[in-house]
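Keep the picture open beside you and find each residue as we come to it.

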Amino acid sequence: QVQLVESGGGLVQAGGSLRLSCVVSGSIFSINAMAWYRQAPGKQRELIADVTRGGTTTYADSVKGRFTISRDNAKNTVHLQMNSLKTEDTGVYYCRVDHWDGVAGTSTDYWGQGTQVTVSS
């Protein structure tokens, strides 16, 4: 089994910054893509940013230029640096990883429990 634990959420004023972290642990064979999602109140969960094992990143238009995703393959960790936060960035942020089990030959998505980010005006 693979477990994900997120941290770094909290309350911040508009214009401020937060850094989210997600640590992956357990029976890890290989982690492919790592990603952050956001679920705002009353809305569906949406993809915010993802990063491939090789470091290629993509971002939602709503966060481009403000958020930066990064990963440390040696530590099985992914971060999300969030700058110039807006009230509309409020929501629960989830980490997801695409785990490859080379023994079983299967790929499985694992999710963290989520961390709350609240941006006040």
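This is a predicted model: local features need pLDDT of at least 70, side-chain atom pairs count only at pLDDT 80 or more; totals for chains, interfaces and linings use all residues.

In β9, methionine 34 has valine 97 as its bridge partner. Residues are numbered from 1 along each chain as its sequence is written, and side-chain values use heavy atoms, with hydrogens and water left out.

Strands (E, at least two residues) and helices (H or I, at least four residues) are DSSP runs, numbered from the N terminus. Two strands pair if DSSP finds at least two bridges between them.

Now back to β9, which covers residues 91-101. Its antiparallel neighbour β4 (residues 30-39) is joined to it by 8 bridges. Look for aspartate 101, which stands opposite threonine 106 in β10. The hairpin of β9 and β10 has 4 residues between the strands, and in it glycine 105 takes a positive phi near 75 degrees. β9 pairs with strand β11 (residues 115-120) too, in the antiparallel sense over 3 bridges. In that pairing, glycine 91 stands opposite valine 117 of β11.

How many of the residues of β9 are buried? Buried means under 20% relative accessible area, exposed means over 50%, and partly exposed lies in between (1.4 Å probe, protein chains only). In β9, 9 of the 11 residues are buried, so the strand is largely enclosed by the rest of the structure.

Let's zoom in on one residue of this strand, arginine 96. Is arginine 96 buried or exposed? Its relative accessible area is 11%, so arginine 96 is buried. Its side chain is joined to that of aspartate 109 by a polar contact of 3.1 Å. A polar contact is a pair of N or O atoms within 3.5 Å; within protein, one must be able to donate a hydrogen and the other to accept it, and residues adjacent in sequence count only if both atoms are side-chain atoms. Contact in general means heavy atoms within 4.5 Å. Leaving aside neighbours within four places in sequence, arginine 96 is in contact with residues including Leu4, Met34, Tyr37 and Trp111.

Next comes a link between cysteines. Which cysteine does a disulfide join to cysteine 22? The partner is cysteine 95, with an S to S distance of 2.3 Å; a disulfide is a pair of cysteine sulfur atoms within 2.5 Å. This link ties together distant parts of the chain, since cysteine 22 sits in strand β3 (residues 18-26) and cysteine 95 in β9, 73 residues apart. The angle about the S-S bond is -80 degrees, and the link is left-handed. Cysteine 22 counts as buried, because its relative accessibility is 0%. Cysteine 95 is buried as well, at 0% relative accessibility. A search of the whole structure finds 1 disulfide.

Cysteine 22 leads us to another sheet through its strand, β3. Four strands form this open sheet, in the order β1-β3-β8-β7, with antiparallel pairing. At the edges are β1 (2-7) and β7 (67-72), each of which pairs on one side only. Inside the sheet, β3 and strand β8 (residues 77-82) pair over 6 bridges in the antiparallel sense. Leucine 18, for example, has methionine 82 of β8 as its bridge partner.

Our last stop is aspartate 89, in the loop between β8 and β9. With 1% relative accessibility, aspartate 89 counts as buried. Its side chain makes a polar contact with the side chain of arginine 38, at 2.9 Å. A polar atom of the aspartate 89 side chain also lies 2.7 Å from the backbone nitrogen of lysine 86. Apart from neighbours within four places in sequence, aspartate 89 is in contact with Arg38, Arg66, Phe67, Ser84, Val117 and Val119.
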